[in-house]
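Hello,

Here is the structure I promised to pass on. Have a look when you have a moment, and my notes follow below.

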Amino acid sequence: MKLWELFVIAVGLSMDAFAVAVCKGLKMPKINYKQTGLIALFFGGFQALMPFIGWLLGKQFESYITSIDHWIAFALLAFLGGKMAYESFKKDEDALESVVTLDLKELTVLAIATSIDALAVGITFAFLGVNIGASVSLIGATTFILSAVGVFIGHKFGAKYKSKAELAGGIILILIGLKILLEHLGIINW
């Protein structure tokens, strides 16, 4: 997998964390740099940890399913992308209210919830033979940066871009899954 593909996956995976970070920024009357850094660290850290765990799980089963790994990668990415795109059209006023305060327990739950899809992507990384160290580093760093930016955007512009970010992330994951499938079927060769 090429670096630009990993970057696009990293951006797609970070959209949930970005959307929650926007919500956090909405509730900050004044930007708090320490809290912004903590939010970005939690989201980036969990986004890096989850694909590594998925990769470890995928390596356990790699020999059993190598003949269908491209279908699994496509199905997982298409499902996750479709779910993100679908959720981008739902009105979710409760989500704004649930992220009013910043405590470590809540931040941990939010970080896990926004990185579950990265676990599934990690499983596909095992099947595709991706360099896991570089991948999780890029995913974690991208999510860290976009989460920090999300807090600032949320503080500045409000919830205006939350659904658009989720929709873009979902479309990106679907397209990457489709590309993996088409490459393995020999239809395209990028």
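This is a predicted model: local features need pLDDT of at least 70, side-chain atom pairs count only at pLDDT 80 or more; totals for chains, interfaces and linings use all residues.

Leucine 57 sits in helix α2, which spans residues 33-65. Together with Leu49, Phe52, Ile53 and Leu56, Leu57 makes a nonpolar surface patch of about 390 Å².

Now to the inside. The largest nonpolar core has 19 residues, and Ile9, Leu13, Val121 and Phe125 have the most contacts inside it. Elements that give two or more residues to this core include α1 (3-26), α5 (104-128) and α7 (162-184). There is also a second, separate core of 13 residues, with Phe43, Leu110, Ala111 and Val151 among them.

Helix α5 also holds serine 115, which is buried with a relative accessible area of 0%. Beyond its neighbours within four places in sequence, serine 115 is in contact with Phe46, Gln47 and Met50.

Finally, the salt bridges: the count is 2. In one, glutamate 5 pairs with lysine 179, with the closest N and O atoms 2.1 Å apart. This pair links helix α1 to helix α7 across 174 residues, and both partners are buried. Glutamate 106 forms a salt bridge with lysine 24, at 3.3 Å between the closest N and O atoms. That pair links helix α5 to helix α1, 82 residues apart. Glutamate 106 counts as buried because its relative accessibility is 16%, and lysine 24 is buried at 4%.

Best wishes

How values were computed. Residues are numbered from 1 along each chain as its sequence is written. Side-chain values use heavy atoms; hydrogens and water are left out. Patches are made of residues with over 30% relative accessible area and no salt bridge: like charges are joined within 9 Å, nonpolar side chains (Val, Leu, Ile, Met, Phe, Trp, Tyr) within 5 Å. Accessible areas come from the Shrake-Rupley method with a 1.4 Å probe; for residues, only the protein chains shown count as cover. A salt bridge is a side-chain nitrogen of Lys or Arg within 4 Å of a carboxyl oxygen of Asp or Glu. Helices (H or I, at least four residues) and strands (E, at least two) are DSSP runs, numbered from the N terminus. A nonpolar core is a set of buried Ala, Val, Leu, Ile, Met, Phe, Trp, Tyr and Cys residues joined through side-chain atoms within 4.5 Å. Buried means under 20% relative accessible area, exposed over 50%, partly exposed in between (1.4 Å probe, protein chains only). Contact means heavy atoms within 4.5 Å.
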